[in-house]
Amino acid sequence: MLDNVRIVLVNTSHTGNIGSVARAMKTMGFSDLVLVDPVSEPDSHASALAAGATDILANARIVDRLDQAIDDCGLVLATSARNRTLDWPLRGPRQAAGQVLSEAPKYPVAIVFGRENSGLTNEELQQSHFHLHIPTNPDYGSLNLAMAVQTVCYEVRMQFLEQDETPKVQQEYPRVEALEQFYQHLESTLTDTGFIIRQHPGQVMTKLRRLFNRARPEENELNILRGILASVDKQTKNSDS
């Protein structure tokens, strides 16, 4: 099951950190690493810090954009170290680990980590279903990238070792790619009806993304929503003609 849990690093600055993350992953039994637009690709320094985890580096995928790393995932958790102006559903490492293990048997699950100095942008954070926050000491919350990865992976591994051999998954959730298609369809429909003003769209779609991510529609529910949008599109076209 842990093979279905993907660690995603966004725009990592130092190759040594990539190597240290690979070591942390292998120690906890994880193997799927994706690098999004790293400043430099893994090199000899990364291999040195990976120690015996150079196979993780060798098999790591490198992509240009975050959506390319997560579009086949049914659950995405994005690490966030600070409060944002727009609240998003939040999980701690222990709660997130339980959710990861309950959904990993059905589809890939991604845990996304941001830049060493500035983390993930608001736009990147909004591509996740939940934000993941490690509750460090408020007076000194400095975790390096490998520490953060190991902390989250440790929580997942501990619950993995404790759970039954055949966990049951009740829901089937849509992949990120399907959700993005829904959001594009929703924005297009709301623009056609005049609810969203094309020249001044404001924060409507951001708040709707937050709403639907919090609600976590299942696959059949998302199909119903797409059907509703299609019926609105049909009526809009008929009224125009």
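## A quick tour of a predicted chain

Residues are numbered from 1 along each chain as its sequence is written, and side-chain values use heavy atoms, with hydrogens and water left out.

**The aromatic rings**

- There are two aromatic pairs in the structure (rings of Phe, Tyr and Trp, the last by its six-membered ring, pair if their centres lie within 6.5 Å; planes under 30 degrees apart count as stacked, over 60 as edge-to-face and the rest as tilted).
- Tyr183 pairs with Phe182 in a tilted arrangement, with 5.6 Å centre to centre and 50 degrees between the planes.
- Phe182 also pairs with Phe212, this time edge-to-face, at 5.1 Å centre to centre and 85 degrees between the planes.
- Phe182 sits in helix 8 (residues 176–192) and Phe212 in helix 9 (residues 204–215), so their pair ties together parts that are 30 residues apart in sequence (helices are DSSP runs of H or I with at least four residues, strands are runs of E with at least two, and both are numbered from the N terminus).
- Phe182 counts as buried because its relative accessibility is 1%.

**The whole chain**

- Ten helices and seven strands make up the secondary structure of the chain.
- For 241 residues, a compact globule would have a radius of gyration near 18 Å, and the chain agrees with its 19 Å (this radius is taken over C-alpha atoms, and the globule rule is 2.2 Å times the number of residues to the power 0.38).
- The C-alpha trace spans about 65 × 40 × 35 Å along its principal axes.
- Of the 241 residues, 44% count as buried.

**The nonpolar cores**

- The largest nonpolar core has 40 residues, and Ile7, Leu9 and Leu33 touch the most other members (a nonpolar core is a set of buried Ala, Val, Leu, Ile, Met, Phe, Trp, Tyr and Cys residues joined through side-chain atoms within 4.5 Å).
- Helix 7 (residues 145–162) gives this core its largest share, seven residues.
- Another core, of 16 residues, lies apart from it, and its members include Val8, Val10, Ala110 and Leu125.
- Not counting residues up to four places away in sequence, Leu33 touches residues including Ile7, Leu9, Ile56 and Arg61 (contact means heavy atoms within 4.5 Å).

**Two residues up close**

- Thr79 belongs to strand 4 (residues 75–79), and Thr79 is buried because its relative accessible area is 16%.
- A polar atom of the Thr79 side chain lies 2.8 Å from the backbone oxygen of Val112.
- Leaving aside neighbours within four places in sequence, Thr79 is in contact with Val112, Phe113, Gly114, Leu120, Leu125 and Leu132.
- Ser102 is part of helix 5 (residues 93–103), and Ser102 is partly exposed because its relative accessible area is 29%.
- The Ser102 side chain reaches the backbone oxygen of Gln99 at 2.9 Å.
- Between Ser102 and Gln163 there are 10.0 Å in space, C-alpha to C-alpha, though they are 61 residues apart in sequence.

Definitions and conventions:
This is a predicted model: local features need pLDDT of at least 70, side-chain atom pairs count only at pLDDT 80 or more; totals for chains, interfaces and linings use all residues. Buried means under 20% relative accessible area, exposed over 50%, partly exposed in between (1.4 Å probe, protein chains only). A polar contact is a pair of N or O atoms within 3.5 Å; within protein, one must be able to donate a hydrogen and the other to accept it, and residues adjacent in sequence count only if both atoms are side-chain atoms.
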